[in-house]
Amino acid sequence: PVVTLTSDVDGIFNLTLGDQVFEVNVVNGVGVFDFAQEGVFVDVGKYTIIASRVDDPVYKTIFRTAEFEVKKYLNELTIEADKEAYTFGDDVTITPTFTPEGPTGTITYFVDGATSGIELDVDDDLVLSGLAAGEHNVVAKYGGDGKYGPSESAPLTFTVAQAALEI
């Protein structure tokens with residue numbers, strides 16, 4: 001998160017988040033504190049931040065509070081098949097990709113509208129074997145983790161052709 005302080009008075013203000021206190025220099029009425037740029041990681045959650053100016057010989061002590069929420073990152077989950085065309089007996093490999101990269105945990109894959117899915121680690125490919133000839137679809141669902149929210153892929157549709165009969 002980024003905090004912007006505005007004040008009629010320039011100088012050093014304290015910014016308190018939990019038990020941490022940071023200094024913000026207000027110049028020409030504006031001071032900015034970027035937690036990420038300062039190397040401070042703020043977990044997902046709701047917070048109250050306190051801005052204060054203390055120990056000023058001219059102005060009395062002032063405190064202002066504000067609440068903010070750090071939400072989970074949004075992500076996009078896409079899946080793609082390893083080939084364009086399949087024949088009965090071929091394995092179909094489905095690869096997941098997250099944008100941005102980083103989600104952890106598991107993805108659940110639903111094949112051909114099944115109500116129960118196949119759960120795999122986010123880094124694993126789904127390999128489907130023994131699919132019947134015909135059209136098939138796969139949807140991947142990610143439930144989220146401590147940093148990233150849930151997401152669902154668009155359906156991936158592919159066709160498995162009948163095997164050629166050899167006599």
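Reader: What share of the residues is made up of buried residues, and what makes a residue buried?

Author: Buried residues account for 35% of the 167 residues in the protein. Buried means a relative accessible area under 20%, exposed means over 50%, and partly exposed lies in between (1.4 Å probe, protein chains only). The model is a predicted one, in which local features need pLDDT of at least 70 and side-chain atom pairs count only at pLDDT 80 or more, while totals for chains, interfaces and linings use all residues. Residues are numbered from 1 along each chain as its sequence is written, and side-chain values use heavy atoms, leaving out hydrogens and water.

Reader: Why is V24 called buried?

Author: The relative accessible area of V24 is 2%; the limit is under 20%, so V24 is buried.

Reader: Which residues does V24 contact, leaving aside its neighbours within four places in sequence?

Author: With those neighbours set aside, V24 is in contact (heavy atoms within 4.5 Å) with L5, G11, I12, F13, L15, G31, V32 and F33. V24 itself belongs to strand β3, residues 20–26.

Reader: How many helices and strands does the protein have?

Author: There are 0 helices and 15 strands. Both are DSSP runs numbered from the N terminus: helices are H or I with at least four residues, strands E with at least two.

Reader: Why is the protein called more spread out than a compact globule?

Author: Its radius of gyration, taken over C-alpha atoms, is 26 Å.

Conventions
Rg over C-alpha atoms; globule rule 2.2 N^0.38 Å.
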